[in-house]
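Please find below some notes for a colleague who is meeting this structure for the first time.

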Amino acid sequence: MKPKDEATRSLPVGWTFFRQWLKNPLRVAAISPSSKQLARQMMTQLPKPCRRVIELGGGTGVFTQALIDQGIAPADLLVLELNEELHQHLVRQFPGAAVVCGDAGNLFEIASAHGFVGQERADAVISGLGLLSMPRQTQQAILQAAFDSLHPDGRFIQFTYGPANPVTREVIDALELTARRASFTWWNVPPATVYVYQRRVSRMMAPRSMR
Ligand SMILES: C[S@@+](CC[C@H](N)C(=O)[O-])C[C@H]1O[C@@H](n2cnc3c(N)ncnc32)[C@H](O)[C@@H]1O
């Protein structure tokens, strides 16, 4: 192992995260990892039962650990992280999970390659992505791929630092989704609100060929 890698490994993970934020604030989208309180609120929104989960933007792994603590088996977890340094951290932390260094925009291909298809699709997608700062087309591509990788009644669970729904009305209508503001916590830097997105009932009931 190179000395630089060794030095990076011994740094506190919050510092690693902060350094990645300095390099690309819009993409990393937060100056510090998510809090345990926010993780708890995200977990409260998981459907019951919940077996297979995809996490987008795993970062330092606060939500990944919370999912495992909720009883999700690492083998039923797929975690995507675009930042190489954070990806390496996640691979070391969660050896039993599929942790991919990849773009959420390519989620459908990545999820299919990892067996999240047919009956093995996900029950929930947990997202730490900064959706609010993404252009509408990028938002739509990510949500479309997420719902293609979810069971018909699966949930997309997202948090935001903004005062309003981070997914534009155009995207919600184009994908025929419902959006629900689930909870808010002051105990995060910055304070955060949790939103849950699902397919509208009529779309869930329609045969797949008509969707
Ligand atoms: C707000 S942070 C997530 C914080 C995480 N919950 C934690 O506690 O560390 C957002 C993460 O999404 C990652 N990210 C941003 N754009 C991405 C993309 N298109 N695909 C995958 N990951 C992405 C960033 O590198 C960053 O780690």
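**Notes on the model**

1. T185 lies in strand β6, residues 177-185 (strands, E, of at least two residues are DSSP runs, numbered from the N terminus). The model is a predicted one, in which local features need pLDDT of at least 70 and side-chain atom pairs count only at pLDDT 80 or more, while totals for chains, interfaces and linings use all residues. Residues are numbered from 1 along each chain as its sequence is written, and side-chain values use heavy atoms, with hydrogens and water left out.

2. A polar atom of the T185 side chain lies 2.9 Å from the backbone nitrogen of W187. Leaving aside residues up to four places away in sequence, T185 touches Q37, L38, Q41, P191 and A192 (contact means heavy atoms within 4.5 Å).

3. Around the ligand there are 21 residues, of which S34, T60, E81, D103 and A104 come nearest (a heavy atom within 4 Å is required). An oxygen atom of the ligand is 2.6 Å from a side-chain N or O atom of E81, and a nitrogen atom of the ligand lies 3.0 Å from a polar side-chain atom of D103.

Methods:
Helices (H or I, at least four residues) and strands (E, at least two) are DSSP runs, numbered from the N terminus. A polar contact is a pair of N or O atoms within 3.5 Å; within protein, one must be able to donate a hydrogen and the other to accept it, and residues adjacent in sequence count only if both atoms are side-chain atoms.
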